[in-house]
Amino acid sequence: FLSLDPTLKKNRANIFFKQADFDLVSFYKSISNEKRISLFEKFASQIIFAVFLIHEKNLMHRDIKPKNILVFKTIEDNVETYDFQICDFGFVSPINPQTRSSFSINSCGTKHYKSPEINSIDIFQQFQVGDIYSLAITLIEFLFGKHPQEIINSLNSQFQTLSLLNTKPSELIEQFLKCCDDTKPLDNAL
């Protein structure tokens, strides 16, 4: 809930959140691959909708990442349910509705989650699509239980040991699934 505190500076508010059970990283590391995959649709729909609402208000979050997603666990009639919420609005910026962008004198966000173009310019014209890029990285990380860069690094090391000219496509796919996770989390999804 939102609370206006008269002891604080003018035009400043406190935002209070219910205490979460997990952040997304500690959550996905604590559950099985099967549970993570079964929760993916709910997770994705809740987080995508949250980003939609932020953008609908002509704002950019600018730091979407697993550590900025809270997980709330509820147990009712011995059934566990989970809800996912975005937090840490410290880098939120208003945008120009016509250009869907915002100008900033500094770059915001976390290195491995922000879109590559944010690092390549001096005056940071940030577009809402930067949030979408961060969201996509976060969705992939939740689904596979690893940051996409970890998956790529693992694939690179696997490909260095393979003779690609003598490898069948089915074997390459099998190698990809093995390096994503030893327990092959996508077997149930395919």
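This is a predicted model: local features need pLDDT of at least 70, side-chain atom pairs count only at pLDDT 80 or more; totals for chains, interfaces and linings use all residues.

Trainee: Why is Phe-52 called partly exposed?

Mentor: Phe-52 has 44% relative accessibility. Buried would need under 20% and exposed over 50%, so Phe-52 falls in between and counts as partly exposed.

Trainee: And what makes Phe-49 partly exposed?

Mentor: The reasoning runs the same way: at 49% relative accessibility, Phe-49 is not over the 50% cut-off for exposed, and therefore counts as partly exposed. Phe-49 lies in helix α2, and Phe-52 lies in helix α2 too.

Trainee: What makes Phe-49, Phe-52 and Leu-53 a patch?

Mentor: Patch members need over 30% relative accessible area, no salt bridge, and nonpolar side chains within 5 Å. The values of 49% for Phe-49 and 44% for Phe-52 clear that cut-off. Together with Leu-53 they form a nonpolar surface patch with about 300 Å² of accessible area.

Trainee: Which residues touch the most other members of the largest nonpolar core?

Mentor: Leu-24, Phe-27, Phe-43 and Phe-84, out of 21 residues in that core. Elements supplying at least two residues each are α1, α2, β5, β6 and α3, and α2 gives the most, with seven.

Trainee: What is Phe-27 in contact with, beyond its neighbours within four places in sequence?

Mentor: Phe-22, Leu-39, Val-71, Tyr-82, Phe-84 and Phe-142. Contact here means heavy atoms within 4.5 Å. There is also a second, separate core of five residues, including Ile-37 and Ile-151.

Technical notes. Residues are numbered from 1 along each chain as its sequence is written. Side-chain values use heavy atoms; hydrogens and water are left out. A nonpolar core is a set of buried Ala, Val, Leu, Ile, Met, Phe, Trp, Tyr and Cys residues joined through side-chain atoms within 4.5 Å. Buried means under 20% relative accessible area, exposed over 50%, partly exposed in between (1.4 Å probe, protein chains only). Helices (H or I, at least four residues) and strands (E, at least two) are DSSP runs, numbered from the N terminus. Patches are made of residues with over 30% relative accessible area and no salt bridge: like charges are joined within 9 Å, nonpolar side chains (Val, Leu, Ile, Met, Phe, Trp, Tyr) within 5 Å. Accessible areas come from the Shrake-Rupley method with a 1.4 Å probe; for residues, only the protein chains shown count as cover. A salt bridge is a side-chain nitrogen of Lys or Arg within 4 Å of a carboxyl oxygen of Asp or Glu.
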